[in-house]
Amino acid sequence: MTGMNPQRKSDLLSDHVKHEIEDWLRRYPENQRQSALLGALRAVQHEHGYLSTELMDAVAEYIGVPEIAVYEVASFYSMFELEPVGRHTIAICTNISCMLRGSDRIVDHLERKLGIRLGESTPDGKFYLKREEECLAACCGAPMMQVDHVYHEHLTPEKVDEILDGLE
Amino acid sequence: MSQDLVNIEINGVTLTARKGAMVIEAADAAGIRIPRFCYHKKLSIAANCRMCLVEVEKAPKALPACATPVSEGMKVFTRSPKALAAQKGTMEFLLINHPLDCPICDQGGECELQDVAMGYGNDVSRYVEAKRVVPDPDLGPFIATEMTRCIHCTRCVRFGEEIAGLREMGATGRGENVRIGTYVEKTVASELSGNVIDLCPVGALTARPSRYTARPWELIQHAGIAPHDCVGSNIYLHTRNGRVMRVVPRDNESVNETWISDRDRFSYAGLDADDRLLRPQVRDGEQWQDLDWDQALTRTAEALKRYAPDDIGVLVSPTATLEELYLAQKLARGLGVANIDHRLRQNDFEDDAAAPLFPWLGCAIEDLERQDAVLLVGSDIRREQPLLAHRLRKAVLRGGVVMAVNPRDFGFHFPLAEQVVTDPYGMLKTLGGMLRAALDVEVKPAPSALIGVLADCESQPLHAEMVERLRAREHALILLGPSAFAHPQFTILRALASALAQMTGAAFGYLPEAGNSAGAWLAGAVPHRVPAGRAVERRGLDARAMLAQPRKAYLLIGVEPVFDCADPAQAIRALAQAECVIALTPFAGETLREQAHVLLPVAAFAETSGTFVNLEGRWQGFKGAGRAPGEARPGWKVLRVLGNLLDLPGFEHVSSEQVRDELKGQLSDDIRFDNAVVPKRDLHMPPAPSGLTRVATVPMYAGDMLQRRVPAFEAAAGAVYAAAYVNASEAERQGLAGCEQVFVRQGEATAELPLVIDPSVPDACVWIPAGLEQTRTLGANGATVELQKTV
């Protein structure tokens with residue numbers, strides 16, 4: 001409990017993230033600051049890779065909402081990671097169109113290639129095989145996957161290898 | 001028919017209901033039972049449990065009664081085949097993941113889920129698949145969790161946000177994985193947290209201190225009044241075989257609504273403390289010898305007769321019942337003893353003569369939520385009177401403003417419009433500045449007694465702003481709290497506050513600290529007034545003077561001087577010198593045993609009948625619920641018999657009601673409550689302090705004997721760590737940066753305490769909480785202290 005000048009929790013946020021949160025805050029009425037929460041969490045995750053409790057507390061303080069309200073939102077949406085994950089997030093769509101076009105084979109291939117199951121990260125911290133809950137809305141290019149923020153369509157195991165090899 | 005009412009029909013019964021009311025409210029008012037889990041009359045509408053589905057004519061599907069507003073000509077059917085099918089279906093879904101472990105569940109027998117399942121569900125579940133299991137969060141010492149039983153009604157979540165003012169619990173995850181909890185491991189911090197136990201309709205949240213100790217059907221319910229703050233919350237005590245097993249709230253809209261504080265809910269656990277006094281004892285050298293009551297009372301009477309009246313001091317706890325307080329002063333005055341007081345934590349008694357009949361709130365409790373502007377002076381209302389803080393929070397949510405002038409930033413669960421955090425001297429300067437600002441606007445001369453004080457105060461822009469906030473409002477109120485009562489210059493503080501109230505048109509009131517402070521004044525347990533507030537012929541010594549000028553004998557009634565008195569060091573000195581200390585007490589701890597010569601066991605809270613008068617002046621009587629252990633007897637009976645043994649007239653009461661009525665008969669029927677204080681002489685500012693000033697507030701769970709003996713309170717979030725707290729820059733100035741342990745010197749008193757850096761403490765102050773084991777050797781609030789590095 002001792003120590004000088006206790007730091008504010010929101011000091012954890014970078015200037016860039018604060019700038020982005022401000023940008024979101026501007027779009028909503030002053031008494032609806034919680035509306036900026038999704039945008040804020042996305043910005044934080046983009047920078048840190050996942051949302052630690054400390055980072056969520058920082059966002060809560062910055063926006064001015066109870067911490068639990070941030071935990072609720074962050075734990076509700078599958079796009080937010082609450083544990084550390086690999087650098088590159090690979091999300092394979094397994095919804096109906098992709099499934100009919102062989103997404104199971106792609107999942108199988110990736111799991112074998114990376115030696116991990118869906119929902120796990122490679123031990124070297126490079127890849128994270130995300131369990132995608134929803135249709136990623138690229139049915140015409142099925143089967144597809146999203147690697148970080150890029151969509152890759154018409155996948156074959158060979159194409160998947162090529163994409164992964166091209167990542168740092 | 002008024003325009004605000006509509007006609008509806010429920011199950012063929014014609015009713016009128018308020019426009020905008022929900023069907024469930026209209027049904028409740030008419031006594032028509034609709035099952036529900038998430039709906040609660042004091043919480044917002046969630047409509048997520050779907051248990052209250054009813055059929056509404058012309059609606060294609062069953063509608064939730066809690067979220068369907070009434071409309072003219074509406075026909076509702078709560079028991080039609082369609083409604084019953086909807087309710088049955090909902091019940092089946094709710095039970096899918098419920099473990100049905102009623103035989104081992106503490107809620108069994110008083111469970112809403114159990115009752116509704118019996119009334120509206122199927123006999124046998126069709127669900128045979130696996131059920132989900134949810135890990136249980138640790139919410140602290142008050143609330144036991146078994147979250148697998150949770151049905152996600154979110155009452156506890158809404159309670160936190162809407163009533164407690166601290167949103168600590170939430171629903172994280174989604175779908176099948178939703179769980180109610182805090183997400184991170186934490187002890188819930190709200191001082192009203194125990195209310196979620198009552199709100200929880202299943203056995204997910206149960207009371208930890210009483211868990212697995214009794215079944216609801218074994219308990220006998222007794223109406224009672226909570227003793228730990230001046231609100232006088234209405235409670236039910238649940239007993240089994242004469243032992244209090246738990247406490248729950250009793251509805252009283254004008255006092256505590258449907259809530260009680262954690263302190264009032266769990267303090268009963270202290271009744272079983274190890275140091276409960278079971279039989280009368282006298283000290284025989286270093287040994288304690290048991291006596292029977294006859295011998296003990298005779299010895300006590302003889303001892304009291306042995307001393308000249310002026311050599312005797314009587315200290316009575318402000319948590320004693322009205323009857324005990326009345327008989328104590330009657331006994332004292334019968335013996336010619338004028339030295340009697342209950343104001344144990346007060347330091348300055350100079351304006352006693354100007355004091356009102358009793359410290360009155362200045363309005364009704366319910367009116368607090370209608371205030372437009374409130375100024376708190378020396379008040380940690382959230383911890384001192386949690387349910388009054390709840391009312392103020394409602395006022396703030398309605399658009400009212402609350403301001404505070406405090407010796408520490410206590411932390412509030414509503415935003416403060418302005419707050420001045422300053423040392424006790426600064427509190428005087430602030431109120432003085434505000435009064436000057438008010439006089440400037442009103443173009444009025446200063447009240448003559450305050451001219452000297454105001455000469456040393458200047459009005460700053462902030463003071464003028466605060467005054468403006470009070471002046472501009474229709475319902476404004478200035479309240480003096482316990483830190484004002486304990487202020488070293490209470491007289492000046494009170495005179496300034498009273499004058500400020502007069503100038504701004506605000507009402508003026510008090511927040512006394514103890515459960516029966518108001519009753520103690522009415523009963524005449526003060527050295528300058530007999531019962532009903534009439535002046536005495538010869539004034540006795542007040543609580544502080546009785547210890548500053550040690551007496552030869554003391555009668556202590558429900559008092560542990562080192563924890564309850566303003567200046568423990570002084571109390572220790574005075575009692576060590578005394579020849580005879582007689583204590584009427586439910587508990588005899590180590591320190592009391594060191595000081596006392598005769599110990600008489602009396603019944604504690606919940607074990608005696610009596611009356612508490614709350615800060616509105618509301619007389620609330622109660623009967624004994626539990627049985628006093630051993631040979632302990634109700635305090636009023638012990639005092640009455642003592643009166644008989646001393647041959648004093650007027651001690652023939654056979655019931656506590658008779659004692660109460662005797663006092664009531666002395667009060668005139670048309671009492672006018674008026675808090676205005678006009679000082680009797682010219683006042684002057686004290687010299688500005690040099691060095692560090694001790695701020696000594698009493699923490700939430702240290703206020704009286706019973707609270708100090710509750711094991712669960714020690715681990716509660718509101719428990720205060722005994723330490724010397726200073727802010728970072730003050731630590732720097734004192735050369736204590738990085739120091740972890742300090743030596744505290746207050747006059748001749750010393751203690752060694754951890755040093756804690758705390759930004760809530762103002763400059764030039766050190767906050768050392770009072771009423772704690774580790775600080776009980778120190779002195780009074782507002783005095784100078786020195787801190788030194790320990791070597």
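This is a predicted model: local features need pLDDT of at least 70, side-chain atom pairs count only at pLDDT 80 or more; totals for chains, interfaces and linings use all residues.
Figure 1. The secondary structure of chain A consists of seven helices and four strands. Read from the N terminus, these elements follow the order α-α-α-α-β-α-α-β-β-β-α. The C-alpha trace of chain A extends over about 55 × 35 × 25 Å along its principal axes. Of the 168 residues in chain A, 42% are buried. When contacts in chain A between residues at least 6 apart in sequence are considered, 59% of them join residues at least 24 apart. Chain A carries 17 positive and 29 negative side chains, and the centres of these two sets are 3 Å apart.

**Figure 2. The contact between chain A and chain B.** Chain A contributes 19 residues to the contact, and chain B contributes 23 residues. About 1,600 Å² is buried between chain A and chain B, with carbon and sulfur atoms giving 64% of this area. The count of salt bridges between the two chains is one.

**Figure 3. The salt bridge between A:Glu72 and B:Arg167.** A:Glu72 and B:Arg167 form a salt bridge in which the closest N and O atoms are 2.7 Å apart. The pair crosses between chains: A:Glu72 belongs to helix α4 (residues 67-76) of chain A, whereas B:Arg167 is in the loop between α4 (155-164) and β7 (170-172) of chain B. Both A:Glu72 and B:Arg167 are buried.

**Figure 4. The salt bridge between A:Lys113 and A:Asp161.** The side chains of A:Lys113 and A:Asp161 form a salt bridge, with an N to O distance of 3.4 Å. Because A:Lys113 lies in helix α6 (residues 103-114) of chain A and A:Asp161 in helix α7 (residues 157-165) of chain A, the pair ties together parts that are 48 residues apart in sequence. A:Lys113 counts as partly exposed because its relative accessibility is 36%. A:Asp161 is also partly exposed, with a relative accessible area of 23%.

**Figure 5. The salt bridge between A:Arg8 and A:Asp11.** The side chains of A:Arg8 and A:Asp11 meet in a salt bridge, at 3.6 Å from N to O. At a relative accessibility of 54%, A:Arg8 counts as exposed. A:Asp11, by contrast, has a relative accessibility of 37% and therefore counts as partly exposed. Side chains of opposite charge can pair when their charged atoms come close. Over all chains, the structure holds 60 salt bridges.

**Figure 6. The surroundings of B:Gly643.** B:Gly643 is part of helix α22 (residues 635-645) of chain B. Its relative accessibility is 0%, so B:Gly643 counts as buried. Leaving aside neighbours within four places in sequence, B:Gly643 is in contact with B:Leu331, B:Leu648 and B:Phe651. B:Gly643 and B:Leu331 are 312 residues apart along the chain, yet a distance of 6.0 Å separates their C-alpha atoms.

Methods
Residues are numbered from 1 along each chain as its sequence is written. Chains are lettered from A and ligands numbered from 1 in the order in which they are written. Side-chain values use heavy atoms; hydrogens and water are left out. Helices (H or I, at least four residues) and strands (E, at least two) are DSSP runs, numbered from the N terminus. Buried means under 20% relative accessible area, exposed over 50%, partly exposed in between (1.4 Å probe, protein chains only). Contact means heavy atoms within 4.5 Å. Lys and Arg count as positive and Asp and Glu as negative; His and the chain ends are not counted. The place of a charge is taken as NZ of Lys, CZ of Arg, CG of Asp or CD of Glu. Buried area is the accessible area (1.4 Å probe) that two parts lose on being put together, summed over both. A salt bridge is a side-chain nitrogen of Lys or Arg within 4 Å of a carboxyl oxygen of Asp or Glu.
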